[in-house]
Amino acid sequence: DPLVYEEILKSCNKIVGIGECGLDYYRLPLGEEKKMRNKQWVAALAQFEFAAKHRLPVVVHCRDAHEDMISVIKEANASFSNVRRGVIHCFTGNYAEAKAYIQEGWMISFSGIAVFADEVGDLAAKLPLESLLIETDSPYLTPPPYRGKRNEPSYVRYVAEDLARRRNMSLEEFASAVTANACKMFSINV
């Protein structure tokens with residue numbers, strides 16, 4: 001119910017974004033794939049409209065649906081004048097998909113997957129630094145050396161260390177850059 005979310009926004013001044021919104025085609029019910037995809041598309045657009053109304057960035061969840069998610073973003077950009085860009089959370093897509101999001105003004109966020117899946121970490125190293133964020137996606141996707149255990153925010157350091165190494169940067173330089181990106185995206189100060 002959108003009215004519930006309206007009340008939450010009115011009562012709390014700490015909300016900096018709307019999410020997770022998006023598309024997830026990973027486990028659609030057999031025989032209902034098209035219906036469920038359409039339902040998700042409509043819901044995602046409604047969430048983008050809500051975020052645009054409140055001038056908040058969107059945190060996008062996308063699984064097995066990047067082509068459609070890029071189309072949803074383009075439709076939202078064309079439909080809602082107040083759309084603020086956001087972040088594609090826990091990205092595991094390919095280079096072309098990442099570039100398409102970036103061309104639309106979105107940031108790409110990498111989790112512990114980037115540490116234990118070289119193709120994801122190598123992709124993160126190729127993207128523009130000003131388009132990157134990092135995250136834990138707690139309680140899942142724990143990076144080594146804690147792989148298999150419950151993830152927690154303090155483990156984001158391992159994501160930063162790995163991506164800094166892949167980009168031939170110091171940890172401090174990389175951490176400073178992604179922190180600045182987060183501050184810019186969510187209009188916060190740290």
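## Cysteines

At 31% relative accessibility, C12 is classed as partly exposed. This value, like the others in this report, comes from a predicted model. C183, by contrast, has a relative accessibility of 16% and counts as buried, because the cut-off for buried is under 20%.

The structure contains 0 disulfides. A disulfide is a covalent bond between the sulfur atoms of two cysteines. For C12, the closest cysteine sulfur belongs to C21 and lies 17 Å away, which is too far for a bond. For C183, the closest cysteine sulfur is that of C12, at 18 Å, again too far for a bond. A pair of cysteine sulfur atoms would have to be within 2.5 Å to count as a disulfide.

## Helix 3 against helix 4

Helix 3 covers residues 66-79 and helix 4 covers residues 95-103. Their axes come within 10 Å and cross at roughly 10 degrees. Helix 3 is therefore roughly parallel to helix 4, since angles under 35 degrees fall in that class.

Helix 3 contributes H66, M69, I70 and I73 to the contact, and helix 4 contributes E97, A100 and Y101. By class, the residues in this contact are 5 nonpolar, 1 polar and 1 charged. An α-helix has 3.6 residues a turn, so residues three or four places apart point the same way. The positions listed for helix 3 include H66, M69, I70 and I73.

## Surroundings and ends of helix 4

Which residues of helix 4 are buried? They are A98, A100, Y101 and I102. Two of these, A100 and Y101, also meet helix 3. The cover over the buried residues of helix 4 includes helix 3 together with strand 2 (58-63), strand 3 (87-88) and strand 4 (107-110).

At the start of helix 4, N94 places a side-chain oxygen within 3.1 Å of the backbone nitrogen of A96. Just after helix 4, G105 adopts a positive phi of about 95 degrees.

R85 sits in the loop between helix 3 and strand 3. With a relative accessible area of 32%, R85 is partly exposed. Which backbone oxygen does the side chain of R85 reach? It is that of E104, at 2.6 Å.

Apart from neighbours within four places in sequence, R85 is in contact with P57, V58, N77, E104, G105, W106 and M185. R85 and F48 are 37 residues apart along the chain, and their C-alpha atoms are separated by 9.9 Å.

S131 is found in the loop between helix 6 (118-126) and strand 5 (132-134). Is S131 buried or exposed? S131 is buried, with a relative accessible area of 8%. Not counting residues up to four places away in sequence, S131 touches I102, M107, I108 and N181. Of these, I102 is one of the buried residues of helix 4.

A175 lies in helix 8, which spans residues 171-186. Its relative accessible area is 27%, so A175 counts as partly exposed. A175 and H61 are 114 residues apart in sequence, and their C-alpha atoms are 23 Å apart in space.

Key: Residues numbered from 1 in each chain as written. Predicted model: local features only at pLDDT ≥ 70, side-chain atom pairs only at ≥ 80, totals over all residues. Heavy atoms only, no water. Buried < 20%, exposed > 50% of the residue type's maximum accessible area, 1.4 Å probe, protein only. Axes fitted to C-alpha atoms, helices over the stretch in contact; angles between N-to-C directions. Helix = DSSP H or I, 4+ residues; strand = E, 2+ residues; numbered from the N terminus. Parallel < 35°, antiparallel > 145°, perpendicular 65-115°, else oblique. Contact = heavy atoms within 4.5 Å. Nonpolar A, V, L, I, M, F, W, Y, C, P; charged D, E, K, R; others polar. Polar contact = N/O pair within 3.5 Å; in protein donor to acceptor, adjacent residues only side chain to side chain.
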